[in-house]
Amino acid sequence: MIRLSPDLGPLTPRQRWRRARLQAYSWTLTGAYRLGTLNPAIWRMVARGYHPALDWVAARHARVACQFAAVDVPAYRHFLRAHEAERARLLADFPETTKQNYAGTYDEASRCQEGRLHRPGVIVDESSGSSGKPYNWVRGPRELQGIYRNAAGYIELVFPGRRLFVINAYSMGAWATGTTTGAAMARIAMVKNTGPDLEKIADTLEHFGPGYDYVVAAYPPFLKHLRDRLDEAGFPWEDYRIRGMVGGEGMTEALRDYLEERFEEVRSGYGASDLTIGMGAESGFSVRLRKRLATDQRLRDALLGPGEQRLPMIFHYNPLETFLEVNAGGELLCTINTKSCLQPKLRYNVGDEARLHTLAEVRRALGDDDYAAMWTDERMNLPLLFLFGRKDSTISYMGANLYPQDVEYGLYQGNPYAAAINRFCLSLEELPGLEYRPVINLEVRGEVDQGALAEICRKGVVAHLSAVSRDFAESLKEDPTAADLRIKVFGLGEGPFARLTKMKNVYLVKDA
C-alpha cells in the first residue's frame, strides 16, 4: 500500500505567529516537566506530590499539542483537512487517530515535527506484529532521554536497593521494550542484557551470586518459564533477593501469586510501541486495589460499572506527560504532551478498553479507612488507569465473552501441573451440526499426564468463569454442555504453536 507523504508547505504570517506562540508555550511546559525527572529523587517527589489541580494543566497542554501539530506536522494538517477539523479548538473536536487512519496512511517523515525525520540520535523501533504487519516507530533523542528518566525513577521507587542489578530479559531485536529498558536501567543500576535466554540468566545469577538486589525485566510468561527452570535446577531462592518487572501484556493475579512464591514481588508496567514506553505502572496500592476488586462486587460496580465481571490491570499514570481520555466506546485515547516527541501522538486510539479514575474517586468508593489501609511505601499520588486490554481479544461463546486473562486464572489457580504449562492460546472448533466450542490449546514441557492435565485445566477454567462471568454461569444453568470447553495438549512447537514464534504471546488463533 502506498502511503501519503504530504509536505508542510508555506505558512501564512498568521500561521507562523501561531506556531511560534504555541511552540513557546509547549516548550515551557515540557521544560517544567523535565525538571521533575532530572533525578530519580525528584521524580519520586513529583509522583508523590501530584495534585489533582494539575489535571487542568494537562488537558490544556494536550489541546495545545493538537493545535501545534496542526501547523507543524504535515500529516496531521492533511489529516485534519480530510476530517474537516481544521478549525477545531476544543480537545474533543480533534478527531481520533489510529494505526489504520493515521500511522498506516501517512509515511514516517510526514508524521514528524516539521516533516523532518532524519536527525542524529533517532532510534527506530518495531512493533511486535501481534496485530498483523509490524510497524516502524521513530523516537528522537530528547524523547528517549525523558523515557529513560521516567523508567529509572519508577524502578528506584518501587524496587529500592543499594546494589541494584537489572537482568533485562526482553527481546533484544528492534522491539522498543528491550533496547529501551537496557538503556534506562543503566542510569541507576548494573545491567546485563541477556535477552530471553533462560540458561544465560541462570548462569548470571550463579556467577554473580546472592549479594545483589536483582530485578528481572521480562514478559509475564517468560518470568514463569524462568521460575520453572530455576526450580527444576534446585536454585537456592532463599539466598537471593529477586524481584520481577513485567510488561508487554496483561498479567493475572493467579500468575502473580504463582511468581511471588519465588520472586519477592512482581510489578507490571503499561506501554505501547505506537505511543511510548512506560505510560503507566503498578504500585503496591494498585495491586491491593486490584485484588480487592476481584472479591468486592460493590466496589467493582462503583469503579467499573454495574455488572462488569472482568478484572482490569490498574496502573498509575502522569497526565502531564501522557494525557488519557476514554471515548464513548470505552476505548483509551492518548495524547503525548511533551514537545520532545518527534512524532506527536494525538488522541491516538491503540484499541485498548479502559476506565479512568482519580484517587479521590477511588477513595470515595473504598471509604477512608480501607483507602488508608491499602497504601504502601511507594505512595504514588497519580491518577489510575483501569486497563482491560485490547477490545477485540475475546471469543464469544454461549452468550458470554471469554477473555484470555480469565482463562489464565483457571489454568494456574491451584493447578499442580502449572509448571508444565509453557503457554496457551484460544481457538474455536466447529462440531457436526454447525455447533462451535471454544478450544484452549496448551503447549507443555516435559513428560506429563496429558489426560489429567487437560481435565484439571478444564475444571479450573469452568470454575473461574462461573465465578466471574454471570453470562457464563447462566449458560451453565440453562445448558450444562456449556462446560464442554475443549482442551488440546501439544508439545513444544507443535500444533498452533509452530506458527507462534514471536516473544509476545498470541492468545487468539483462527485455525488451530
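User: A salt bridge is a side-chain nitrogen of Lys or Arg within 4 Å of a carboxyl oxygen of Asp or Glu. The model is predicted: local features need pLDDT of at least 70, side-chain atom pairs count only at pLDDT 80 or more, and totals for chains, interfaces and linings use all residues. Residues are numbered from 1 along each chain as its sequence is written, and side-chain values use heavy atoms, leaving out hydrogens and water. What separates the closest N and O atoms of the salt bridge between Arg81 and Glu86?

Analyst: Side chains of opposite charge can pair when their charged atoms come close. Here Arg81 pairs with Glu86 in a salt bridge. The closest N and O atoms are apart by 3.3 Å.

User: Is Glu86 buried or exposed?

Analyst: Relative accessible area decides (buried under 20%, exposed over 50%, partly exposed in between; 1.4 Å probe, protein chains only). Arg81 is at 44%, so Arg81 counts as partly exposed. Glu86 has 52%, so Glu86 is exposed.

User: How many salt bridges does the structure hold?

Analyst: Arg81 with Glu86 is one of them. Asp257 with Lys291 is another, at 3.1 Å between the closest N and O atoms. The number in the structure is 29.

User: Which helix holds Lys291, the partner of Asp257?

Analyst: Helices are DSSP runs of H or I with at least four residues, strands are runs of E with at least two, and both are numbered from the N terminus. The pair links distant parts of the chain, 34 residues apart, with Asp257 in helix α10 (residues 253-259). Asp257 is partly exposed because its relative accessible area is 39%. Lys291 is in helix α11.

User: How many residues does α11 have?

Analyst: α11 covers residues 284-295 and reaches 17 Å from its first C-alpha to its last. That is close to the expected 16 Å at 1.5 Å a residue, where the expected span is 1.5 Å times one less than the number of residues. Its buried residues include Phe285, Leu289 and Arg290. The residue count of α11 is twelve.

User: Which helix contains both Arg458 and Glu455?

Analyst: Their side chains meet in a salt bridge at 3.0 Å, N to O. Arg458, at 22%, and Glu455, at 32%, both count as partly exposed. The two lie three residues apart, about one turn of the helix, in α16 (residues 450-468).

User: What is the nearest side chain of opposite charge to Lys345?

Analyst: Lys345 sits in the loop between β12 (331-336) and β13 (348-357). Lys345 is buried yet has no salt bridge. For charge, Lys and Arg count as positive and Asp and Glu as negative, while His and the chain ends are not counted. The nearest such side chain, 4.5 Å away, belongs to Glu143.

User: Which residues does Lys345 contact, leaving aside neighbours within four places in sequence?

Analyst: Contact means heavy atoms within 4.5 Å. The loop holding Lys345 lies between β12 and β13. Its contacts are Glu143, Asp274, Leu275, Cys334, Thr335 and Ile336.

User: What is the C-alpha separation of Phe165 and Val216?

Analyst: Phe165 is in strand β4 (residues 164-168). Its relative accessible area is 2%, so Phe165 is buried. Beyond four places in sequence, Phe165 touches residues including Met190, Phe208, Tyr212 and Val215. Val216 is 51 residues along the chain from Phe165, yet their C-alpha atoms are separated by 8.5 Å.

User: How many disulfides does the structure have?

Analyst: The cut-off is a pair of cysteine sulfur atoms within 2.5 Å. Cys425 counts as buried because its relative accessibility is 0%, and Cys457 does so at 0% too. The search of the whole structure finds a disulfide count of zero.

User: What is the phi of Glu84?

Analyst: Most residues other than glycine have a negative phi. Glu84 lies in the loop between α4 (74-82) and β1 (97-98). At 75% relative accessibility, Glu84 counts as exposed. Its phi is positive, near 55°.

User: Where does Arg379 lie?

Analyst: Arg379 has a positive phi of about 50°, although it is not a glycine. At 46% relative accessible area, Arg379 is partly exposed. Its place is the loop between α14 (368-374) and β14 (384-390).

User: What percentage of the residues in the protein chain is buried?

Analyst: The chain has 17 helices and 19 strands. Among contacts with a separation of 6 or more, 71% join residues 24 or more positions apart. Of the 512 residues, the buried part is 56%.
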